[in-house]
Amino acid sequence: MARKVRTTFLYVVASVLICASLYHHHLRNAISTFSSDNLRPSPAIISTSSTGNYAIHENLTDATVPPHDTTSVLLLTLSPSPPPPSPPPISTTAVLLPEWEVLVIVSPETAPSNLDGTYSCLYDTNEATPAKFSGVLPFPDRATFSCLLPPRSRRRLPFKQPVLSESPPENQPARDSPSPPLIRWSHMVYDSLTTEDDVVLFVKGVNARQGINREPREFRCVFGEDAINGVKTAVTSSMQEVFRCKRPPLTPSPSRPAKVSLQIVVENQVVPSVAYYTPPRTLAPSPHSSLLCATTMVYDITKFLKEWVVYHSRIGVEKFLLYDNGSDDNLESTVADLIKQGYDVSTYFWRWPKTQEAGFSHSALYAKHSCKWMMYLDVDEFVYSPSWQNHSTPSKTLLHPFIHLTNSSKLGQISINCHEFGPSDQTVHPKMGVLQGYNCRRRFENRHKSIVLLNAIDHSLLNVIHHFYLRQGYKARKLGTNNIVVNHYKYQAWPEFKAKFRRRVSAYVLDWTEKLNPRSNDRTPGLGFTPVEPTGWAQKFCEVRDNKLRDLTLRWFGVESDSGFRMTWQR
């Protein structure tokens, strides 16, 4: 019995020794598998895809990972890393314009050249709308983007500013603070201009009623980020949207410009602003000052521009200044082409709707050192004198006699009456241009346009529909249509006129679809409040057949070509 127990005991001990030996052998092999060489992650094993896909690539081979250790390798080499961080937010300010358009203005610290991606406007309602590049506001340069305020955001007051981002909404980090309210276009400082003597602010919504202007003593100009810490100066003039104030004891910095705004003293309120205090600036001067220039405000008028520039340059206009109201029809390319052909054309990005008078006030200062006289016309308006009928070719001195009518040095402005032309049976834009396409007009003149001596303009810069108030001692003279006239091709073929209906620059009819100021001369007789073509539109406003300028320009600018007869401004 004792022998049997000893035998069993020896058998158990032997079994334990054998198992221990086997266990040691296999453990040593397992440890050797996970040596330091094998613990270095291989690019073939760990996914580096920017899409955040952390699965092992499909091209792994048995030689890469030993079969018996696949699970272990997976556990040791695959630790999910966080998604790539979103780019830092772009510092912006946003303004709510008419028709639910949001204009996003990028801070001047971000150069426009660095914003070449595809962007969206992201709202705190988790809605997003595409952001389209809109242009660069000057002084200082600031890129702008246009997007729409989405439907849900329109139902929440106050309307909130969006975030401009290249990333989709789901990749955006949580906001540290609520979005600030959108700046309302109806109440803001939208531009400024520094002269040698003062600073001029352009302000919407303070002098809100036509013909009623608040006293300058009611305001202060504020230089800096807020009214408490900012420098304040007195306002010397308050007319329409133009406020002039004394320069502060600060040196404007081109690299770090300071905000400038307007304080309404009695209300202790500072008007929201996107304007900056910058060094004095002017239109780039030529080697010599031009005798006669022309300024206009433009929006999607590229198809008319060459005809307007070519014609007026050949009768005496030396320089053209275009205030771009947010054009979306490749204006830059057309202007570059005109410059290449030798015409002096400049643009100023003036994105603000319904600010024609303010833009003209701006130009009176901006171009003062480059131009002596300034003609204010629209691109569908052409100056013409019946005395030119005997000229076989145009001359760059044809307009000069009208600004030298007397030897008096006190002539500050001449006013020219307008003839308004109708569609003249046209149903589409005439391929040879408006001068050849429209020849039937209303009998009596309506409105007038002006040529102004810039040094004669009143300090207030006050102007009303193309004519300025003059400094004391200067006089204006109105000329008859037998001497000179403006052919205004106002009522064109319906597709062209319909585009006008949607967006006019007039300050007195803010929205044609609203029944406000129904008797304004900016409204079209019989058109109503909707852009629906009236019956017989092509024959309307036709009381006098007038071919004088049509025949003259055909003689001056018509040329024979391989493709037939054409005008010099046609492509």
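Modeller: Buried means under 20% relative accessible area, exposed over 50%, partly exposed in between (1.4 Å probe, protein chains only). The model is predicted: local features need pLDDT of at least 70, side-chain atom pairs count only at pLDDT 80 or more, and totals for chains, interfaces and linings use all residues. Residues are numbered from 1 along each chain as its sequence is written, and side-chain values use heavy atoms, without hydrogens and water.

Biologist: Is Asp378 buried or exposed?

Modeller: The cut-off for buried is under 20%. Asp378 has 18% relative accessibility, so Asp378 counts as buried.

Biologist: Which residue does Asp378 meet in a salt bridge?

Modeller: A salt bridge puts a side-chain nitrogen of Lys or Arg within 4 Å of a carboxyl oxygen of Asp or Glu. Here the N to O distance is 3.7 Å. The partner is Lys449.

Biologist: How many residues apart in sequence are the parts tied together by Lys306 and Asp337?

Modeller: Their side chains meet in a salt bridge at 2.4 Å, N to O. Lys306 is buried at 13%, while Asp337 is partly exposed at 25%. Lys306 lies in helix H4 (residues 302-314) and Asp337 in helix H5 (residues 331-340), so the pair ties together parts whose separation in sequence is 31 residues.

Biologist: Which residue is linked with Arg214 and Glu267 in a network of salt bridges?

Modeller: Arg214 and Glu267 meet at 3.8 Å, N to O. Arg214 is partly exposed at 24%, and Glu267 is partly exposed at 44%. The network also includes Glu218.

Biologist: How many residues of helix H6 are buried?

Modeller: H6 spans residues 356-366. Its buried residues include Gln356, Phe360, His362 and Tyr366. H6 is largely enclosed by the rest of the structure, because the buried count is 11 of the 11.

Biologist: How far apart in space are Thr355 and Glu241, C-alpha to C-alpha?

Modeller: Thr355 lies in the loop between strand S18 (345-349) and H6. Thr355 is buried, with a relative accessible area of 2%. In sequence, 114 residues separate Thr355 and Glu241; in space, the distance is 8.5 Å.

Biologist: How many residues has the largest nonpolar core?

Modeller: A nonpolar core is a set of buried Ala, Val, Leu, Ile, Met, Phe, Trp, Tyr and Cys residues joined through side-chain atoms within 4.5 Å. Trp352 is among those with the most contacts inside the largest core. Beyond four places in sequence, Trp352 is in contact (heavy atoms within 4.5 Å) with residues including Leu103, Trp185 and Val274. The core's residue count is 93.

Terms used
Helix = DSSP H or I, 4+ residues; strand = E, 2+ residues; numbered from the N terminus.
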